[in-house]
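Here are some friendly notes to read alongside the model. Please keep the sequence and the 3D view open as you go.

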Amino acid sequence: MPNEDELRILAVAAIDRDGEYCLQREWNKRWGTEYANMRSLETGGFMQIKSAGRVPLTNQWFRRSVITDAGRMAFAAVKQ
């Protein structure tokens, strides 16, 4: 079962029209705990990576994942 921080990510993805959640970071910065939570959700099958890479014309990096059916079910189970 996802922890509280992971459930926040699922909540944002669940209410997004496309079911996506996106993180960005600056060129020489670390990803941080939000990235670790998103990776945990991907490993657990609650989210699936959609794309990752560099934002054109900037020094930012991004990672975009989309919520899966299992993620929607886990979020709905906690929401009730």
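1. Let us begin with tyrosine 21. Leaving aside residues up to four places away in sequence, tyrosine 21 touches Ile9, Val12, Ala13, Glu34, Met38, Met47, Arg63, Arg64 and Ser65; contact here means heavy atoms within 4.5 Å.

2. A word on the source: this is a predicted model, in which local features need pLDDT of at least 70 and side-chain atom pairs count only at pLDDT 80 or more, while totals for chains, interfaces and linings use all residues. Residues are numbered from 1 along each chain as its sequence is written, and side-chain values use heavy atoms, with hydrogens and water left out.

3. Helices (H or I, at least four residues) and strands (E, at least two) are DSSP runs, numbered from the N terminus. As background, nonpolar side chains tend to be buried together in soluble globular proteins.

4. How do H1 and H2 pack? Their angle is about 75 degrees and their axes are 9 Å apart, so H1 and H2 are roughly perpendicular to each other. On the H1 side, Asp5, Glu6, Ile9 and Leu10 meet Glu34, Asn37, Met38, Ser40 and Leu41 in H2. Axes are lines fitted to C-alpha atoms, for helices over the stretch in contact, and angles run from 0 to 180 degrees between N-to-C directions. Angles under 35 degrees count as roughly parallel, over 145 as roughly antiparallel, 65 to 115 as roughly perpendicular and the rest as oblique.

5. H1 and H3 pack at about 110 degrees, with axes 10 Å apart, and H1 and H3 are therefore roughly perpendicular to each other. Leu7, Leu10, Ala11 and Ala14 of H1 make this contact with Gly71, Arg72, Phe75 and Val78 of H3.

6. Now the aromatic rings: the count comes to two aromatic pairs. In one of them, the ring centres of tryptophan 31 and tyrosine 35 are 4.7 Å apart and the planes are at 20 degrees, so the pair is stacked. Rings of Phe, Tyr and Trp (its six-membered ring) pair if their centres lie within 6.5 Å; planes under 30 degrees apart count as stacked, over 60 as edge-to-face and the rest as tilted.

7. Are tryptophan 31 and tyrosine 35 buried or partly exposed? Tryptophan 31 is partly exposed at 26% relative accessibility, whereas tyrosine 35 is buried at 18%. Buried means under 20% relative accessible area, exposed over 50%, and partly exposed in between (1.4 Å probe, protein chains only).

8. Two loop residues deserve a look. Threonine 68, in the loop between S3 and helix H3 (69-79), is buried, with a relative accessible area of 17%. Leucine 57 sits in the loop between strand S2 (47-54) and strand S3 (60-67) and is exposed at 87% relative accessibility. Although leucine 57 is not a glycine, it has a positive phi of about 65 degrees.
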